Amino acid sequence: MSSSFWQIASPIGMLTLCEEEGCLTALFFGQPDMGEKPSRCTPLMKQATAQLHAYFAGQLQQFDLPLMPRGTLFQQKCWNALLEIPYAQTRTYGQQAAAVGNPKAARAVGAANHRNPLPILIPCHRVVGKDDQLTGYAGGLPIKQFLLALEQKAVCGG
């Protein structure tokens, strides 16, 4: 199994992408200690970098990259539901729980979202608390707020 990682600069700081078997498996905020220097930039890493730059420029609303997030069946259902949330829109944890067929599982959905290995690409930042309150985000609430504002600005032309 061949894996590689690549780091890119973004408006929210460094991002580290991990690739395995021709798919992206993780996106980390910052520069985690991967125990080695970044790998060579593969064609997938170039494509992911270009798409992330376009996203941050407000020019890309949907990523088209091969993703392979690893998790439980429930986590996979939650992450797939995240991909259904339209750009610049939000859903509550309760709405996402209903979307995965378990309307009383809002807390479990929140836990699954927190373990999303591909934030931004699988847009867990689009899930908010009741009354649109910003709640938990693995990258921190300022990054969640930035991503939501970025999408709103791109849609509203601001």
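1. Two strands are said to pair if DSSP finds at least two bridges between them; helices (H or I, at least four residues) and strands (E, at least two) are DSSP runs, numbered from the N terminus. On that basis, strand β1 (residues 3-8) pairs with β2 in the antiparallel sense over 6 bridges. Ser3 has Glu20 of β2 as its bridge partner. The β1 and β2 hairpin has 6 residues between the strands, and Gly13 there takes a positive phi near 105°.

2. A word on the basis of these notes: this is a predicted model, where local features need pLDDT of at least 70, side-chain atom pairs count only at pLDDT 80 or more, and totals for chains, interfaces and linings use all residues. Residues are numbered from 1 along each chain as its sequence is written, and side-chain values use heavy atoms, with hydrogens and water left out.

3. β2 also runs antiparallel to β3, joined to it by 6 bridges. Cys18 has Ala26 in β3 as its bridge partner. This second hairpin has 2 residues between the strands, and Glu21 adopts a positive phi near 50°.

4. How much of β2 is buried (under 20% relative accessible area; exposed is over 50%, partly exposed in between; 1.4 Å probe, protein chains only)? The strand is mostly covered, with 6 of its 6 residues buried. Leu15, Leu17 and Glu19 point one way, while Thr16, Cys18 and Glu20 point the other way. In a regular strand the side chains alternate between the two faces of the sheet.

5. Thr25 sits in strand β3 (residues 23-29) and is buried, at a relative accessible area of 10%. Beyond residues up to four places away in sequence, Thr25 touches (heavy atoms within 4.5 Å) Cys18, Glu19, Glu20, Met68, Pro69, Arg70, Pro117 and Leu118.

6. Now the core, meaning a set of buried Ala, Val, Leu, Ile, Met, Phe, Trp, Tyr and Cys residues joined through side-chain atoms within 4.5 Å. The largest nonpolar core has 39 residues, of which Leu52, Tyr55, Phe56, Ile120 and Leu121 touch the most other members. The largest share, 7 residues, comes from α1. Ile120 has contacts that include Phe29, Leu52, Tyr55, Phe56 and Leu147.

7. Finally, the rings: those of Phe, Tyr and Trp (its six-membered ring) pair if their centres lie within 6.5 Å, with planes under 30 degrees apart stacked, over 60 edge-to-face and the rest tilted. The count is 4 aromatic pairs. Tyr55 and Tyr87 are edge-to-face, 6.3 Å centre to centre with 90° between the planes. Ring pairs link Tyr55, Phe56, Phe63 and Tyr87 into a cluster.
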